[in-house]
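Here is a short briefing on one protein chain. Look at the sequence and the structure first, then read on.

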Amino acid sequence: MSDVMQKALELMQSRIGEQTSRSEWFEVTQQRINDYAEVSMDHQWIHIDVERAKAGPFGAPIAHGNLTIAIMGQLPIASAAEGPKVEGQKLGINYGFDRIRFPSPVPAGSKIR
């Protein structure tokens, strides 16, 4: 592991349990869900058929789980200046996630952050 990666790991571990900044609310619109359905080729009715979804188990169309994951990486942080700084860091990348679960649906029109 490089020195920069080691410093970043130590910094993140030292912040476990701390409150971090919060992003602004982001609305997950039906149009965004429809657009994602086109890109992902997932046209399941629970996402795109508004009338049928209203009568479905969630009472409304819901966002694709993978859409919520994709949005998460793009949410603006409240203040980039508040984020941890690691000397020598040139960029950040999405390394991935462990044990992702979807404990509740994100209905169309919901706001997330």
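Leaving aside its neighbours within four places in sequence, which residues is threonine 68 in contact with? They are Ala63, Phe102 and Val106, where contact means heavy atoms within 4.5 Å. This is a predicted model: local features need pLDDT of at least 70, side-chain atom pairs count only at pLDDT 80 or more, and totals for chains, interfaces and linings use all residues. Residues are numbered from 1 along each chain as its sequence is written, and side-chain values use heavy atoms, with hydrogens and water left out.

**Overall build**

- The chain has five helices and two strands. Both kinds of element are DSSP runs numbered from the N terminus: helices are H or I with at least four residues, and strands are E with at least two.
- Read from the N terminus, the order is α-β-α-α-α-α-β.
- The radius of gyration of the chain is 18 Å, whereas a compact globule of 113 residues would have one near 13 Å. The radius is taken over C-alpha atoms, and the globule rule is 2.2 Å times the number of residues to the power 0.38.
- The C-alpha trace spans about 55 × 25 × 20 Å along its principal axes.
- Among contacts with a separation of 6 or more, 73% join residues 24 or more positions apart.

**Surface and burial**

- Of the 113 residues, 19% are buried. Buried means under 20% relative accessible area, exposed means over 50%, and partly exposed lies in between (1.4 Å probe, protein chains only).
- The accessible surface of the chain is about 8600 Å². Carbon and sulfur atoms hold 53% of that surface. Areas come from the Shrake-Rupley method with a 1.4 Å probe, and for residues only the protein chains shown count as cover.

**Charges and salt bridges**

- The chain carries 12 positive and 13 negative charges, and their mean positions are 3 Å apart. Lys and Arg count as positive, Asp and Glu as negative, while His and the chain ends are not counted. Each charge is placed at NZ of Lys, CZ of Arg, CG of Asp or CD of Glu.
- Side chains of opposite charge can pair when their charged atoms come close.
- There are two salt bridges in the structure. A salt bridge is a side-chain nitrogen of Lys or Arg within 4 Å of a carboxyl oxygen of Asp or Glu.
- One joins arginine 15 and glutamate 18, at 3.3 Å from N to O. Glutamate 18 is partly exposed, at 43% relative accessibility.
- The other joins glutamate 51 and lysine 54, whose closest N and O atoms are 3.4 Å apart. The two residues sit three residues apart in helix α4 (residues 50-54), so about one helical turn separates them.
- Glutamate 51 is exposed at 56%, and lysine 54 is partly exposed at 48%.

**Histidine 47 and glutamine 30**

- Histidine 47 belongs to helix α3 (residues 45-48). Its relative accessible area is 6%, so histidine 47 is buried.
- Beyond its neighbours within four places in sequence, histidine 47 has contacts that include Gln30, Ile33, Asn34 and Asp42. Pro61, Ile62, Ala63 and His64 are also among its contacts.
- Glycine 92 is 45 residues from histidine 47 in sequence and 32 Å from it in space, C-alpha to C-alpha.
- Glutamine 30 lies in helix α2 and is buried at 18%.
- Leaving aside neighbours within four places in sequence, glutamine 30 is in contact with His47, Ile48, Val50, Pro61 and Ala108.

**Threonine 68 and serine 40**

- Threonine 68 is part of helix α5 (residues 65-72). Threonine 68 counts as buried because its relative accessibility is 16%.
- Serine 40 is in helix α2 (residues 30-40) and is partly exposed at 26%.
- In sequence, serine 40 and threonine 68 are 28 residues apart; C-alpha to C-alpha, they are 13 Å apart in space.

**Lysine 111**

- Lysine 111 is found in strand β2 (residues 110-112). Lysine 111 is exposed, with 55% relative accessibility.
- Its contacts, leaving aside neighbours within four places in sequence, are Trp25, Phe26 and Glu27.
- Lysine 111 and histidine 64 are 47 residues apart in sequence and 15 Å apart in space, C-alpha to C-alpha.
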